[in-house]
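Good morning, and thank you for coming. I shall speak briefly about how parts of a protein model pack against one another. Please look at the display first.

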Number of protein chains: 2
Amino acid sequence: MDNRRNFLKKSMLAMGATSLGSDWLYAKDTTSSLAKKIQIQPGDTILFQGDSITDAGRNKENLEPNQANAFGNGYAYLAGSQLLNRFAGKNITIFNRGISGNRVPDLIDRWQQDCIDLKPNILSILIGVNDFWRTKDSGASNTPEQYKSQLKQLIESTLTALPDVKLIIGEPFAVNGVKHVDDSWYPEFPKYQEAAAEVAHELNAVFLPYQSIFDKALKNNTGAYWTTDGVHTSMAGASLMAESWLQLLR
Amino acid sequence: MDNRRNFLKKSMLAMGATSLGSDWLYAKDTTSSLAKKIQIQPGDTILFQGDSITDAGRNKENLEPNQANAFGNGYAYLAGSQLLNRFAGKNITIFNRGISGNRVPDLIDRWQQDCIDLKPNILSILIGVNDFWRTKDSGASNTPEQYKSQLKQLIESTLTALPDVKLIIGEPFAVNGVKHVDDSWYPEFPKYQEAAAEVAHELNAVFLPYQSIFDKALKNNTGAYWTTDGVHTSMAGASLMAESWLQLLR
């Protein structure tokens, strides 16, 4: 953990930051300036984990890495394809193990086989919109505090098993005014977003602020252009996410 | 046609070219330096046409533009997603109408509804590997000269109907030594590649030299890394094609 702390500390100093306040966590530009970029090493294994936004219709019978139909058509496929092209000489292995509808407890249940056993060097997790959403549409009981505690437990257990893994935690996001998402999501949903940011901060993970990335994109086109239903991405939205994700790497 | 000729002529002069020899047609670097880039205009309609490499498993029940499952998972999806993200303010419309197994005569049969009626401003065509391949595995009779004549007829009829369309003709490609492709493809297959280049040249289309792009990529990894079977792309290969395609635009 010391190396991880030093890594973040140096990054913070390099950008002239003096405190880890919420301005940092919710910086409005992309994260490329927020931390030293993650360097791809020869033979690296990269794992995309999450819910339907990561799943994106992948063929779950195909568990092989680096194969198009095992990736669906979301940001994980777009980012993964570009990684395999850009780093063709490094023989990297990329898995997508997102599953539609998942909340953090679902990840915990399948974490050994769907994460630890794959031994990722880089782990990207996007989870949380269902942890909130099911409290609205299915009467599930799950507070932002519980979500934070569960997510932190998941990451801590991951760091115990894979102490050198480089972590990317994506911010759950929603676009208000598109189909499933309306004012009733606020101010509750942002508490889950803040929880994800806090976990990333407390465990020295890279935080990818998708909400501000989508908010910024709304200057160029409508919410329905970037998401199909306020939650799931259009082609443009998936590309926006992949572009932001790739900016974390060098 | 005069504007089209002037466009190419200026581009050639700008790069110091004095003749349209085969060195130009088969330049070893990407096409970004070969011609002035195509500029996306507000409201442009872009159409990807071709065979299975373009089709890439798209849902043919969904004929809508700009929708992920109507695009499959090949270079057209990767390029299309990035276009919709990068040019989000321009409200562009993108269609994929590639169909697996197609040869030029198949395109001719469906060209009115699958091209002309869509009124593309930018038309990208990748066709030819089956025009050759079926002469090998199905006893079809089709010479490079016939392929060239059919393709030229297709493009000329397109230019009659859509005189301002900007054309991109992709070079059919194959990676020798991977599954379907072996020495028996040579020297016959390159004659079809040359025919595609000649049609592009004679009709002032932008020519995208995929063969030299894949040949160059073999310096970084194997043929089986870039294609699944010598003909169809892997994730890395689809990204390589999309990257090259996107470099034609600004």
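**Helix packing and the chain contact**

I begin with chain B, where helix 7 and helix 8 are roughly parallel to each other, a label given to angles under 35 degrees, while those over 145 are roughly antiparallel, 65 to 115 roughly perpendicular and the rest oblique. Helices (H or I, at least four residues) and strands (E, at least two) are DSSP runs, numbered from the N terminus.

Before I go on: this is a predicted model, in which local features need pLDDT of at least 70 and side-chain atom pairs pLDDT 80 or more, whereas totals for chains, interfaces and linings use all residues. Residues are numbered from 1 along each chain as its sequence is written, chains are lettered from A and ligands numbered from 1 in the order written, and side-chain values use heavy atoms, without hydrogens and water.

At what angle do helix 7 and helix 8 of chain B pack? The angle is about 30°, and the axes lie 9 Å apart; axes are lines fitted to C-alpha atoms, for helices over the stretch in contact, and angles run from 0 to 180 degrees between N-to-C directions. Among the residues that meet are B:Tyr147 and B:Leu151 of helix 7 of chain B, and B:Tyr192 and B:Val199 of helix 8 of chain B; contact means heavy atoms within 4.5 Å.

A second pair in chain B is helix 9 (residues 210-217) and helix 11 (residues 235-246), whose axes are 11 Å apart at an angle of about 125°. These two helices of chain B are therefore oblique to each other. Their contact includes B:Phe214 from helix 9 of chain B and B:Trp245 from helix 11 of chain B.

I turn now to the two chains together. The same surface serves both, since 96% of the contact residues of chain A recur in chain B.

How many residues does each chain bring to the contact? Chain A gives 28 residues and chain B gives 27 residues. Between them the chains bury about 2,200 Å², 56% of it on carbon and sulfur atoms; buried area is the accessible area (1.4 Å probe) that two parts lose on being put together, summed over both. A:Tyr77, A:Asn85 and A:Met235 supply 32% of the area that chain A buries against chain B, more than any other three residues.
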